[in-house]
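Have a look at it first, then read on.

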Amino acid sequence: MSASLQVRPEQEKALAQEIVGTWTLVSYQVELQATGEFIDAMGDHPRGRVIFTKDGWVAFNLEGTGREPATTDEERAHLMSTLVAYIGRYRIEGNQWVTSVQTAWAPEWVGTEQRRTVTIAGNTAHVVTPWRTMPNWAKDQMSRSIIRFARTQ
């Protein structure tokens with residue numbers, strides 16, 4: 001049985017209410033499934049926001065540490081490895097938010113559903129992705145992201 005199915009309906013409703021607002025990125029780590037190694041894929045001072053609206057929209061923009069304007073194609077390509085951005089409709093299922101992606105920095109995400117397990121304690125949200133391959137890092141390796149946000153509004 002998945003963790004999302006073990007959540008009581010009142011907990012799901014509470015999460016749906018608590019998640020609404022603007023959240024600031026605090027930390028972003030990636031765990032590699034094969035080795036258990038943790039990498040700071042977005043550096044030690046990433047920045048970004050995720051915004052959840054009452055009417056079911058989410059906008060997600062996260063950037064790695066030290067991004068500078070690019071002047072070459074190689075530099076522009078590197079910037080893509082330090083960015084995660086998407087927008088779509090979301091819904092709450094158990095202890096997860098599920099986004100139906102409508103636009104994204106990675107075209108292969110458009111039209112997909114992205115599922116995230118979230119725990120909110122006070123003004124902090126702890127988010128874990130499922131195991132998957134990411135277009136940005138750990139090429140061809142299964143990884144999951146472990147993300148922490150602080151409520152901004």
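The points below go through some of the salt bridges and their surroundings.

1. Ground rules first. This is a predicted model, where local features need pLDDT of at least 70, side-chain atom pairs count only at pLDDT 80 or more, and totals for chains, interfaces and linings use all residues. Residues are numbered from 1 along each chain as its sequence is written, and side-chain values use heavy atoms, with hydrogens and water left out.

2. Searching the whole structure turns up eight salt bridges (a side-chain nitrogen of Lys or Arg within 4 Å of a carboxyl oxygen of Asp or Glu).

3. One of them pairs Asp-73 with Arg-76, with 3.0 Å between the closest N and O atoms. Both sit in helix α2 (residues 73-80), three residues apart, so about one helical turn separates them. Helices here are DSSP runs of H or I, at least four residues, and strands are runs of E, at least two, numbered from the N terminus. Asp-73 is exposed at 60% relative accessible area, while Arg-76 is partly exposed at 41% (buried is under 20%, exposed over 50%, partly exposed in between, with a 1.4 Å probe and protein chains only).

4. Arg-91 is worth a look. Its side chain meets that of Glu-93 in a salt bridge at 2.7 Å, N to O. Arg-91 is partly exposed at 30%, and Glu-93 is partly exposed at 28%.

5. Arg-91 also bridges to Glu-113, where the closest N and O atoms are 3.0 Å apart. Glu-113 is in strand β7 (residues 113-121) and Arg-91 in strand β5 (residues 83-93), so this pair ties together parts 22 residues apart in sequence. Through shared partners, salt bridges join Arg-91, Glu-93, Glu-113 and Arg-115 into one network.
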